[in-house]
Amino acid sequence: MSSIYDTIIIGAGIAGASSAYFFSQKGQKVLVLDKQGIATGGSGAAGAFVSPKIGKGGPLQSLTNEAFSFAKDFYLEHFPRCYHQSGVVRIPKDEVDAKKFSEYESHNENSYSRWDLEKLQAHHIKVPLESFFFNEAGACDAPETCRALLEGIDVRIYAVKKISYRDGLWVCIPAQESGNEGSPLYQAKSIVLATGYENALFDMRYMGVKGTWGTRGDFRSQLPMKVSMHQSMSVSANINGIIRLGATHEKGVKEAKPCEEEQALSLREKASSMVDTSDMELVETFCGMRAGSKDYFPLVGKVIDVPEMLERYPAIVRGAKPDLKYLDNLYICNGLGGRGFVFGPLMGKMLADLVVDQKEPDPRVNSDRLFLKWCRKSPELDSLR
């Protein structure tokens, strides 16, 4: 049995779901494959805040805030039931950080106001540091948002062992040991890898995707929190009696771990310095790996044929700059990091524009940017120098 699609997207987190939405909007026949289902990894564990980045300016802040404006408008227009525009209070970590906030102010491009201690206390926030309030910001319901993006699109729970290019089509071959015996060999003209921290299907070492472990706890509470906040962790507004506490906190984790209630309860203890957590009762714990790139910018674009480049142009490891050779019709949308629900919509649109309309992605996120530096600097290639 064989089914043919225009595009197959591997991964049903926010990167894959956003990409699928925009491909579908362009009239493509799309299939999304995920070994566990929609938003079961890092995206499902996300607090899914949609807020600007503060700082002293620079390309990453500019890109993040462009993505925030796009995402906020996109969710409000197309998926208002998934986006809770509660506003987000950005709180300094300590007195030293508070002094930096005055330097950040001239770089705040989005609508905001300063909240003094009286204003914070009026909203049940007990930190003794003046903060920024971004009124247009908010939070998504992470799994609900991914499901909404994928509504009307074919989605299959399907563990892909490998993909193979045959006669102008990509073929997805299932991992038999994962219960896929007898599963069809899905085929497509193009494939998008939105696999997060797992990148075993092709040599993508040059992209440097790494996982950071994140935990979220959903707590039942009567605390009348009307705004969300972020300090060194995130605390959501009270939505239908639930306050979500989340943090991305363990870097360099190579494999997913079991979710443990202790992780969520530790977040409650940490949040107690910000809000009254005395009546918070843990309802459910979520955890997962968020994938980020070497330079913290998302990765969108074509996939370079690394073995072919190294074999054909060995001088590349000593600084040569030959034309890049790509794997036919293979693309990536990855590395969204802890701001997946900020970056997802804009990155998905950029990728669909590339694949369907041949419009090159923004150079800041184009995955090519890391390849030549990796060839010159990576210790993995020392033997070739």
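Author: Strands of a sheet pair through backbone hydrogen bonds, either parallel or antiparallel. In this predicted model, β2 and strand β9 (residues 154–157) run parallel and are joined by 4 bridges. Within that pairing, V32 stands opposite V155 of β9.

Reader: Which way do the side chains of β2 point, and are they buried or exposed?

Author: V30, V32 and D34 point one way, while L31 and L33 point the other way. All of them are buried.

Reader: Which strands pair with β7 in the antiparallel sense?

Author: Take strand β5 (residues 88–90): 3 bridges join β5 to β7, and the two run antiparallel. There, V89 has F133 of β7 as its bridge partner. Strand β6 (residues 113–115) is also joined to β7 by 3 bridges, again antiparallel. In that pairing, R114 has F132 of β7 as its bridge partner.

Reader: How do the side chains of β7 divide?

Author: Strand β7 spans residues 131–134. S131 and F133 point one way; F132 and F134 point the other way. All four are buried.

Reader: How do I read a sheet order, and what order does the open sheet of 3 strands have?

Author: The open sheet of 3 strands runs β3-β8-β4, with antiparallel pairing. Its edge strands are β3 (49–50) and β4 (83–84), each pairing on one side only. β3 pairs with strand β8 (residues 138–140) over 2 bridges, in the antiparallel sense.

Reader: Now helices. What is the general idea?

Author: An α-helix has 3.6 residues a turn, so residues three or four places apart point the same way. Now the case here. Helix α1 takes in residues 14–25. At 1.5 Å a residue, its 12 residues should span 16 Å, and the end C-alpha atoms are 16 Å apart, so the two agree.

Reader: How many residues of α1 are buried, and which ones?

Author: 10 of the 12 residues are buried, so to speak a mostly covered helix. The buried residues are I14, A15, G16, A17, S18, S19, A20, Y21, F22 and F23. Just after α1, G27 takes a positive phi of about 85 degrees.

Reader: Next, aromatic rings. How is a pair described?

Author: A pair of aromatic rings is described by the distance of the centres and the angle of the planes. In this model the count comes to 21 aromatic pairs. One of them is Y75 with Y83, a tilted pair at 5.9 Å centre to centre, with 40 degrees between the planes. Y75 counts as buried, at 0% relative accessibility. Y83 also counts as buried, at 4%.

Reader: Which residues form one aromatic cluster with Y75 and Y83?

Author: The cluster is Y21, F22, F70, F74, Y75, F79 and Y83. Two of those names have come up already: Y21 and F22 are among the buried residues of α1.

Reader: Where do charged ends sit over rings?

Author: Two cases to inspect. The charged end of R216 sits over the ring of F286, 4.0 Å from the ring centre. K302 lies over the face of Y326, at 4.9 Å from the ring centre.

Reader: Then cysteines. What is a disulfide, in general?

Author: A disulfide is a covalent bond between the sulfur atoms of two cysteines. Here the count comes to 0 disulfides. For C146, the nearest cysteine sulfur belongs to C140 and is 8.9 Å away. C146 is buried, with a relative accessible area of 0%. For C333, the nearest cysteine sulfur is that of C146, 12 Å away. C333 is buried too, with a relative accessible area of 1%.

Reader: Last, the whole chain. What does the secondary structure come to, and how do the overall dimensions read?

Author: The chain has 10 helices and 19 strands. Its C-alpha trace spans about 65 × 50 × 35 Å along the principal axes. For 385 residues, a compact globule would have a radius of gyration near 21 Å; the chain has 22 Å, which agrees. Buried residues make up 55% of the 385.

How values were computed: Residues are numbered from 1 along each chain as its sequence is written. This is a predicted model: local features need pLDDT of at least 70, side-chain atom pairs count only at pLDDT 80 or more; totals for chains, interfaces and linings use all residues. Side-chain values use heavy atoms; hydrogens and water are left out. Two strands pair if DSSP finds at least two bridges between them. A disulfide is a pair of cysteine sulfur atoms within 2.5 Å. Buried means under 20% relative accessible area, exposed over 50%, partly exposed in between (1.4 Å probe, protein chains only). Rings of Phe, Tyr and Trp (its six-membered ring) pair if their centres lie within 6.5 Å; planes under 30 degrees apart count as stacked, over 60 as edge-to-face and the rest as tilted. A charge sits over a ring if NZ of Lys or CZ of Arg is within 6 Å of the ring centre and within 35 degrees of the ring normal. The expected span of a helix is 1.5 Å times one less than its number of residues. The radius of gyration is taken over C-alpha atoms; the globule rule is 2.2 Å times the number of residues to the power 0.38.
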